[in-house]
Amino acid sequence: MADNAPEEPGSAAGRPQYHGAPANALPLTASEDRQWATLAHFGGILGCLPSLLIYLIFKDRGPFTAQESKEALNFTLPPTIAAVLANILVLLPVVGNIFAVIATAIWVALTCFSVSAGIRVNHGQPHRYKINLRWIK
């Protein structure tokens, strides 16, 4: 920026009008913590990506969100990988229909377990899936 360039409207003392987010964001309130933990479980309907994003973004801001998003991520990661593989194998002639049924069954099961866990977490109770590999510590 040149010295003789006009100042941006709305700026004070040469600073730009808009600033980035602070490097260390504020901790989540109790209700926000419960909300993001619930969304991490409900996100299982879409696979492991929502819980991964919530874990990476909010793990340091709320203990309940960190705990529950990690649990949801550990639970949704293997079925998501299996569903992606099954959807690729759908393209095989003759046996493709079998893999379509398998992919659908994985999605239905993941949806049921995720919604059940999300409802429980929304009431403030921690949830542990009975079958969970817990790859992420």
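Visitor: Is Leu85 buried, partly exposed or exposed?
Guide: Leu85 is partly exposed, with a relative accessible area of 49%; buried means under 20%, exposed over 50% and partly exposed in between, using a 1.4 Å probe and protein chains only. The model is predicted, so local features need pLDDT of at least 70 and side-chain atom pairs pLDDT 80 or more, while totals for chains, interfaces and linings use all residues. Residues are numbered from 1 along each chain as its sequence is written, and side-chain values use heavy atoms, without hydrogens and water.

Visitor: Where is Leu85 placed?
Guide: Leu85 lies in helix H3; helices are DSSP runs of H or I with at least four residues, strands are runs of E with at least two, and both are numbered from the N terminus.

Visitor: Turning to H2, which residues are buried there?
Guide: In H2, residues 49-58, these are Pro50, Ser51, Ile54, Tyr55 and Phe58. They lie on the same side of H2 because they cover an arc of only 130° around the axis, taken from the directions from the helix axis to the C-beta atoms.

Visitor: What do they pack against?
Guide: The buried residues of H2 pack against helix H1 (30-42) and helix H3 (63-89), where contact means heavy atoms within 4.5 Å.

Visitor: And which exposed residues sit on the face turned away?
Guide: That face of H2 carries Leu49 and Ile57.

Visitor: How much helix is there over residues 72-92?
Guide: The chain there is 86% helix and 0% strand, with the end C-alpha atoms 31 Å apart.
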